[in-house]
Amino acid sequence: MTNGNLSALLPLVIFMAFMVAISIFVRHKQAEKNFVSNYFIGNRQLGGFVLAMTTVATYSSVSSFVGGPGMAFQVGFGWIYMAVVQVTAIFLVLGIFGKRVALLARKLNAVTVVDIIRARFQSDFLAAVAAFVIVLFFCGTMTAQFVGGAKLFSAVTGYSYEAGLILFGLTVVIYTSIGGFRAVALTDTCCALIMMIGIVLLLNYVLKAGGGYENIMTRLEINNPELFEPFSFGNMPWTIYFTQWLLVGICTIALPQSVVRGISYKNTAGLHQAMLIGTVVVGFMNIGINFTGILAHGVLTGTAADYGGVDNVIPTTIVRAMPPELVGLAIIGPLAASISTISGLLIVASSSIIKDVYLHWAEKKNHAVTPARVKFLSISATAIIGGAVFVIALTPPSLIWLINMFAFGGLETAFFWTLLLGLFWKRANKLGAMLSMTGDTIIYCATQAAGFKILNLHQITIGITCSLIFFLIGSYFGKKSDDATLKIFFPTK
Amino acid sequence: MKKFNTDAEKFSLVRREAIYTGLALVGLIIFWLIAGFGTASSEIKIFHLPLWAVLGTVGVWLVAIVISAILSKILFKDADLGGDDDD
């Protein structure tokens, strides 16, 4: 803890203190309101700008700022061409699910995505499976965020990995536990703004250090012609383009942490505004940071392997291109990406346990749960899940980035057809959803464990295909949903 | 502004908007293919970048913004979501 760059640490400490201050303010302001609705969805009061920023910030992880641009450094413009498919993520999830989920949540008094799944398919078992899948895969994703953020912190500031983990890891657990969803949304907004400022700052210094845009690009055209070819001389096969359209494009509409944003906004004007703002911001971030990764060739003259792999490209670039007193500001962006993803997942994971499992169980058993107890349990659950992931991250597992992608794909395969067909197809039923969610999760995990692929495509292609087949089989052979349920989900004149 | 009074009208609107969004996605995928792979053999360069790299990245982003604007400003309609959110 003694050999680090103190000037790099200070901006981080101030930023983290500001995040905690926001959550305390939010908790204080909303002390009198309905706790469950307030803590887990911010009382459905988000405006368009905050909705856009929180959706983007939760979606953009630390790998978007570290691993992604590192790959762009290695592969070139093909990587940005692939990454830009993420511009669909915000308008798709809000355009397809935003209003439907909002209408249903108000009719059903639903607070979580699992509430809606339970009501649609009339199954506590399916709801429990959905909650389990959320907690399981979220823990994987959160661990990756903790590890990625702490490694970046250590590489750039010179302080230990553990010090980084304590500084931002504990901060995010504390502010999420205290402030709930509303604090998550507001801090996410700050994080998204900081991410954009960080990108501009880094780009500026990379251009300066590399002798200007003209100079860097002229050298790249001569020395790295593969960067200017869409397949990067074989480094970017078509299979990556195809699977990325599924993994970070189309299938992201079913990520529970994105869909839950549909429950949280105030009115449709806000939703419309968020679709536009979100698309602008997510494109700016993706193109901006990955382009910076390519321009980092002006700062780093070797290959990614010379700097310890693609994950070290951006940290090394920050250290070499930026003055020591601004290093702290530069890494707030990637760390903001990390903490905003963690907080977004943490609050949904907590709601899965408390709202979807415990409170539902108590209601069925006619057990009275006092508001004070709900409050205590909700805050405790958030803190315990966050604390558990923090402990796992203290001894980081190897292949952490693979775990992150595994979790991302797992969530998408589990929820994509269940939500899409469940909310838009009358014939969708309990058996179809059960077969789909349980069957495809097992198949997806098994193919991942065995390393089995078809045409060298990511296992999400197998998972999502099996999921559809199971859903259709179940829906055609299973019992139809009852009329009362259909009347709620598909009202007719 | 058209009023959507009944649940049936609101859900019908939402279904229609979801279809518009799906069609917008298909349109963007086609543009992405043509803008990137479709122009990869071109010798044209803009600011030292091959045409495919400009159209396939910034071009796709701009088209996505236009699509979002058309969806949110023209095709999507405001509707009362119902419920009592004030607690």
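Is Y205(A) buried or exposed, judged by the other C-beta atoms within 10 Å? In this predicted model, Y205(A) is buried, with 20 other C-beta atoms within 10 Å. Apart from neighbours within four places in sequence, Y205(A) is in contact with A321(A) and M322(A). T317(A) is 112 residues away from Y205(A) along the chain, yet the two C-alpha atoms are separated by 9.5 Å.

The confidence scores of the model are an ipTM of 0.94 and a pTM of 0.91. For chain B, pLDDT averages 91, and 92% of the residues score at least 70. Among the elements of chain B, the lowest mean pLDDT, 94, belongs to strand β1 (residues 45-46), and the highest, 97, to α2(B). Where pLDDT is low, predicted coordinates should not be read in detail.

Chain A contains 22 helices and 0 strands. Its radius of gyration is 22 Å, close to the 23 Å given by the globule rule for 493 residues, so chain A is as compact as a globular protein of that length. The C-alpha trace of chain A spans about 70 × 50 × 40 Å along its principal axes. Of the 493 residues in chain A, 62% are buried. Contacts in chain A between residues at least 6 apart in sequence were also examined; 85% of them join residues at least 24 apart.

Helix α21 of chain A runs over residues 460-477 and has 18 residues. From its first C-alpha to its last, α21(A) reaches 25 Å, which is close to the 26 Å expected at 1.5 Å a residue. Several residues of α21(A) are buried, among them I460(A), T461(A), I462(A), G463(A) and I464(A). The buried residues of this helix also include C466(A), S467(A), F470(A), F471(A) and S475(A). An α-helix has 3.6 residues a turn, so residues three or four places apart point the same way.

Two loop residues of chain A have a backbone feature to note. L455(A) is placed in the loop between α20 (430-450) and α21 of chain A. Although L455(A) is not a glycine, its phi is positive, at about 55°. L455(A) counts as exposed, with 8 C-beta neighbours inside 10 Å. N109(A), which is not a glycine, likewise has a positive phi of about 55°. N109(A) is found in the loop between α7 (88-108) and α8 (113-121) of chain A. With 12 other C-beta atoms within 10 Å, N109(A) is exposed; the cut-off for an exposed residue is 12 or fewer.

Chain B has 2 helices and 2 strands, and from the N terminus on its elements run α-β-β-α. The radius of gyration of chain B is 19 Å, whereas a compact globule of 87 residues would have one near 12 Å. Along its principal axes, the C-alpha trace of chain B spans about 60 × 25 × 25 Å. Buried residues account for 34% of the 87 residues of chain B. Of the contacts in chain B with a separation of 6 or more, 61% involve residues 24 or more positions apart.

Within chain B, L75(B) is found in helix α2. L75(B) is partly exposed, with 17 other C-beta atoms within 10 Å. Not counting residues up to four places away in sequence, L75(B) touches E17(B), Y20(B) and I70(B). The C-alpha atoms of L75(B) and I46(B) are separated by 34 Å, and these residues are 29 apart along the chain.

The two chains meet at an interface in which 40 residues of chain B are in contact with 42 residues of chain A. On the side of chain B that touches chain A, α1 (7-35) and α2 (51-75) of chain B each supply at least two residues. The element that gives the most to this side is α2(B), with 14 residues. By residue class, the side of chain B that touches chain A divides into 23 nonpolar, 10 polar and 7 charged residues.

Key. Residues numbered from 1 in each chain as written. Chains lettered and ligands numbered in written order. Predicted model: local features only at pLDDT ≥ 70, side-chain atom pairs only at ≥ 80, totals over all residues. Contact = placed C-beta atoms within 7 Å. Helix = DSSP H or I, 4+ residues; strand = E, 2+ residues; numbered from the N terminus. Nonpolar A, V, L, I, M, F, W, Y, C, P; charged D, E, K, R; others polar. Rg over C-alpha atoms; globule rule 2.2 N^0.38 Å. Expected span 1.5 Å × (residues − 1). pLDDT = per-residue confidence, 0-100.
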